2 protein chains.
Amino acid sequence: MPESSHGPATHGRPVAPRTPGRLRPLGLDEVVLSGGFWGNLQHLNAETVIPHCLQWIRRVGTVDNFLPPRQRPTPERRGVLFTDSDAYKVAEALAWEVGRADSPERERQLNELTESIGLAMEADGYVNTYWGAYSERERYTDLQMGHELYCMGHLIQAGVARLRTHGPDPLTELARRAADHVCRRFGPDCASAVDGHPEIEVALVELYRSTGEQRYLRTAQAMIERRGHGLLGQGMFGAAYYQDDTPVRGAEVLRGHAVRALYLAAGAVDVAVETGDDELLRAVITQWTNTVARRTYLTGGMGSRHRDEAFGDDFELPPDRSYSETCAGVAAIMLSHRLLLATGDARYADHIERTLYNIVAASVAEDGASFFYTNTLHRRVHSTPPPAESESTHAATGMRAPWFSVPCCPPNVARTISSLAGYVATSDGSGIQLHQYASGTVRAELDTGRAGISVRTDYPWDGLVEVTVTEALAGPWSLTLRIPSWAERASIEVKGQAHSAEPGTATFERSWMVGDQVLLRMPIRPRWTLPDNRIDAIRGCAALEVGPIIYCLESLADESLKLDAIYVEQGHPEATVVDGLPGVPAFLVEAFERPDRLYDVGWPYHDVAPAAVGVPSRRQVTLVPYHRWANRGVSTMRVWLPTIPSGH
Amino acid sequence: MPESSHGPATHGRPVAPRTPGRLRPLGLDEVVLSGGFWGNLQHLNAETVIPHCLQWIRRVGTVDNFLPPRQRPTPERRGVLFTDSDAYKVAEALAWEVGRADSPERERQLNELTESIGLAMEADGYVNTYWGAYSERERYTDLQMGHELYCMGHLIQAGVARLRTHGPDPLTELARRAADHVCRRFGPDCASAVDGHPEIEVALVELYRSTGEQRYLRTAQAMIERRGHGLLGQGMFGAAYYQDDTPVRGAEVLRGHAVRALYLAAGAVDVAVETGDDELLRAVITQWTNTVARRTYLTGGMGSRHRDEAFGDDFELPPDRSYSETCAGVAAIMLSHRLLLATGDARYADHIERTLYNIVAASVAEDGASFFYTNTLHRRVHSTPPPAESESTHAATGMRAPWFSVPCCPPNVARTISSLAGYVATSDGSGIQLHQYASGTVRAELDTGRAGISVRTDYPWDGLVEVTVTEALAGPWSLTLRIPSWAERASIEVKGQAHSAEPGTATFERSWMVGDQVLLRMPIRPRWTLPDNRIDAIRGCAALEVGPIIYCLESLADESLKLDAIYVEQGHPEATVVDGLPGVPAFLVEAFERPDRLYDVGWPYHDVAPAAVGVPSRRQVTLVPYHRWANRGVSTMRVWLPTIPSGH
């Protein structure tokens with residue numbers, strides 16, 4: 001199927017390879033979510049999250065920064081140096097949202113924002129409100145930390161979203177001009193430099209995919225190749241901080257600043273796929289594999305260190321000081337999605353699912369008006385609630401806040417949720433692959449014509465997924481379902497016939513008729529999960545997972561609860577479903593409570609085990625979905641519960 | 001006993017209360033260490049550490065910064081904004097060292113350094129090479145982070161050391177002029193401000209103690225009272241970072257930046273003791289008690305967070321990311337020493353001992369030429385060795401480095417070791433108290449005359465301490481020995497008669513004769529120590545302690561050792577003394593090694609315990625003193641060893 005610029009091949013897709021890997025992405029016109037977990041979150045995103053972000057980028061001066069200084073309410077530029085990117089991410093979210101569901105108001109908001117952005121673009125396509133013509137700071141004098149290409153990368157991604165959901169317009173024109181400027185300045189034969197914060201690489205390849213202009217691909221490729229050769233210097237945190245320590249094709253694991261590492265890896269996959277560079281692709285697969293095996297939280301979260309927002313060493317995964325930035329979750333989904341498209345391997349979809357439910361969905365408050373920047377797995381003390389009317393220090397309290405002095409996460413979540421349908425299903429020439437389970441519809445152009453299915457499910461709360469064929473074509477085509485890695489003993493009923501299914505994928509090739517049904521049944525039941533012993537920080541603990549949802553013990557559910565006194569029995573203590581928070585199941589768990597009298601000795605290291613001192617008493621505790629915690633005031637919380645030997 | 005300015009009451013003492021608490025400090029002329037653990041370290045300090053520090057403060061421009069800009073080799077001031085304090089700390093170390101052992105060369109070095117410092121002092125006593133007349137930065141325009149009073153505090157402490165070991169001279173004159181300036185500008189009736197980094201408070205009280213000038217005490221008192229009322233603003237890390245969140249007398253635990261918190265608390269004790277403010281003293285005792293019970297590492301180290309060099313929440317004590325700054329160890333010793341003097345409570349001497357052996361002694365390399373800035377309890381990976389000829393990022397690798405871009409720790413260690421004798425013993429009107437065990441001599445003026453003892457011991461490697469009376473006076477006087485908290489079943493033989501002794505203190509009042517002997521026998525044997533279960537990061541682990549020494553497993557001792565595969569049996573696995581590193585005993589421990597085949601799965605969370613999968617094999621491992629690790633090249637290390645159930 002030949003692809004034309006702006007043609008259907010890229011239409012509506014968050015990612016759209018021109019040189020397809022194993023799977024082809026589908027666009028927002030091809031996958032529509034209707035209600036359920038993700039449909040409801042998309043509704044919240046459209047009605048509350050995006051307007052909230054728009055309101056805040058206006059309130060804190062991000063939009064005014066695009067005005068010529070003398071026309072601003074205050075001449076001084078406001079905010080940290082890279083907040084232009086927040087406006088671009090809001091524009092991207094609006095573009096996807098308009099593509100998903102027409103809205104004259106959002107169309108107007110997008111156009112207004114585009115107009116503001118356009119004011120700041122210099123004649124040669126360079127745009128930045130902190131550096132360049134709007135300031136006394138000469139452009140590109142601090143590539144290490146200046147974030148100029150990072151910001152323009154986000155502008156280009158906004159333009160790509162608009163191209164794919166609408167076609168050329170002033171926003172896409174700004175994106176093209178910025179990209180052309182970047183290519184002229186940093187293309188293969190130009191300045192041998194990279195940006196300290198990757199992002200331009202994915203953006204340029206995506207623009208290449210949507211326009212067919214080779215120079216965008218070649219510039220991205222040059223930037224991927226340049227990295228790892230010490231162009232950026234050591235800086236405060238060393239070259240690994242911005243992945244300039246080792247060439248991308250030589251690295252074995254992701255390291256340094258997590259968001260940078262993940263954006264770079266995503267860009268490297270894009271370049272590898274489009275240039276047929278299998279060595280580069282294999283290198284990133286190795287990095288992903290080692291990172292997921294050794295440097296990833298149970299929630300899918302990545303990046304454990306607060307100091308430099310970085311991956312730690314292998315197995316350095318403290319639950320209490322997990323940085324696990326929301327943006328790293330978004331970036332990890334971007335990377336896994338690209339690897340899924342390139343390889344078809346279900347483990348990438350597994351990781352996307354884990355991260356969507358336990359990082360992206362956790363970041364947003366139930367009311368859509370505050371966000372986690374960091375996603376801790378253990379809170380010992382009641383935090384001070386963040387201010388409602390001013391920006392929060394980005395990781396100060398670890399609570400959800402309306403906005404941050406470094407406000408990268410809220411608009412990153414908004415653009416991800418508005419383009420979420422793109423992650424649900426793919427096609428190849430001969431069929432449709434369903435990766436994420438959500439009620440809605442999927443249509444795809446196969447080699448022999450258009451196929452369509454509808455999906456009905458209460459997943460993740462129920463394990464039944466009903467797939468019905470809605471558009472059939474002559475002859476056989478295949479339907480592939482992902483069986484999540486945790487779903488042992490799933491079963492599939494195809495047109496009334498039962499099949500067992502192993503974790504991975506199950507493919508059924510049939511001459512489907514409209515109305516044919518495939519029923520996937522996954523065992524949504526509580527599972528106790530234990531950590532690899534090398535994750536020292538959670539040795540001897542267990543966590544409750546139910547389907548793709550991580551559960552946690554939150555103090556608010558029970559005022560009398562002292563979280564650090566609670567233990568569960570080793571093995572598989574009983575967990576019974578009960579009514580929990582509104583709309584979600586909770587689980588009642590048999591536990592033990594350690595007596596208080598241990599708690600007042602002057603030195604916390606002794607020659608006898610605390611377990612030998614006091615007799616714990618039995619009590620029940622209620623575990624709630626992790627992504628819903630901290631929605632009802634300040635509380636303490638833990639995902640990993642200490643265990644005591646069974647038969648205690 | 002009346003005290004005069006510069007009189008014997010303050011002579012040679014690191015701390016010299018005018019209004020004595022329970023105990024009186026002794027000076028460097030009264031306590032002399034001769035060989036053994038601390039005597040040898042003092043030798044290394046004098047011969048290598050102090051010259052090394054002098055060489056580096058010259059190499060990196062710290063001394064040249066005191067020259068008028070146009071006379072400097074490069075006009076630009078070099079180094080981070082508070083490096084003046086490094087020169088002052090080196091001056092303090094030299095002053096104590098000259099007081100401890102005459103040396104014309106060190107006397108000359110001190111005078112040269114004093115002369116350099118004097119060049120930068122402005123007419124009104126203000127001195128700073130980053131702010132004020134040497135720069136275009138107006139003084140006191142950034143009290144939050146400017147470190148001006150912090151730096152002058154260290155100059156004053158250097159002057160105090162010189163006053164107490166020598167008497168007035170140009171250095172003490174500079175200190176007085178700086179202090180007078182501070183009192184004029186920030187005294188009780190002047191600018192209501194505090195410095196973001198406490199230090200001036202202890203310095204001013206100490207200068208008051210050595211001069212009798214009330215204004216120094218009153219200014220320190222005013223600064224202690226002002227703190228905690230939000231004068232400094234929120235800054236990047238919140239008001240708790242510089243203890244400006246809660247008044248000192250209202251706080252219940254130390255919090256925020258550890259060195260700041262500990263210096264402030266030490267200053268508060270000084271003010272409380274000198275003004276008879278029992279409420280303030282009790283508040284700091286509460287803070288110390290809660291901090292030691294909940295926020296202190298087994299090594300005595302304090303401050304777990306890298307991001308803001310801060311105490312974490314209660315029981316947030318990760319061994320792998322322990323910041324545990326060397327300077328916080330020094331500061332904790334300063335605080336505990338003051339509380340020991342004020343109360344006589346042996347637990348403060350216990351904490352000093354723990355911190356001296358496991359933080360201060362650990363910081364210095366065996367060759368005296370590199371230093372730990374942070375003191376981790378667990379290193380998973382082989383670090384890159386720091387550069388030999390340039391400054392290291394202060395906590396980048398966590399290895400010992402010759403010098404740091406923030407070089408506070410090496411000279412802080414130097415001044416502590418050179419004044420160490422002051423922490424060994426005290427007197428009161430009726431006797432001598434021996435707090436730390438080291439070979440040497442102690443003399444003290446009691447109410448009825450001069451008493452003296454000599455001490456012989458191979459402590460901490462052997463538990464026998466022989467105390468011999470060398471100067472006796474007519475009538476009874478008392479000798480008090482501290483029995484460390486770990487020394488269960490110690491025994492004391494007094495003039496041939498055996499006594500049992502409990503942890504705490506043992507006092508013997510006798511009419512001593514010259515030659516009378518007291519023999520303290522402490523059980524120096526391996527002890528397995530388990531953590532409070534609330535310290536999640538080391539749940540299920542045990543550590544080996546022998547006397548006051550923490551032991552660790554270091555990979556260098558055995559190249560085949562994979563540290564994360566080693567377990568010890570719960571209970572008290574046998575530990576047998578063997579030859580270890582040169583001059584120190586090691587312990588051979590029966591352990592288990594987990595098989596390798598667990599180590600290559602793609603996701604580190606499972607539904608079965610790793611222990612249930614592979615059969616560990618027995619092997620022996622060698623544990624060495626923690627303070628000696630990382631002296632033989634790069635290695636991995638852990639203090640806390642995971643345990644497996646006994647009878648495995």
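**Note on the contact between chains A and B**

1. Six is the count of salt bridges between chain A and chain B, given as 6, where a salt bridge is a side-chain nitrogen of Lys or Arg within 4 Å of a carboxyl oxygen of Asp or Glu. One of them joins the side chains of B:Arg638 and A:Asp536, at 2.6 Å from N to O.

2. This is a predicted model, in which local features need pLDDT of at least 70 and side-chain atom pairs count only at pLDDT 80 or more, while totals for chains, interfaces and linings use all residues. Residues are numbered from 1 along each chain as its sequence is written, chains are lettered from A in the order in which they are written, and side-chain values use heavy atoms, without hydrogens and water.

3. Chain A contributes 55 residues to the contact, and chain B contributes 55 residues (contact: heavy atoms within 4.5 Å). On the side of chain A that touches chain B, 27 residues are nonpolar, 11 polar and 17 charged; here Ala, Val, Leu, Ile, Met, Phe, Trp, Tyr, Cys and Pro count as nonpolar, Asp, Glu, Lys and Arg as charged, and the others, Gly among them, as polar.

4. About 4800 Å² is buried between the two chains, 52% of it on carbon and sulfur atoms (accessible area, 1.4 Å probe, lost on being put together and summed over both parts). A:Arg307, A:Arg534 and A:Tyr605 supply 16% of the area that chain A buries against chain B, more than any other three residues.

5. Strand E20 of chain A runs antiparallel to strand E14 (residues 526–531) of chain B, joined by 2 bridges (strands are DSSP runs of at least two residues, numbered from the N terminus; two strands pair if DSSP finds at least two bridges between them). A:Tyr605 stands opposite B:Pro531 in E14(B).

Definitions and conventions. Helix = DSSP H or I, 4+ residues; strand = E, 2+ residues; numbered from the N terminus.
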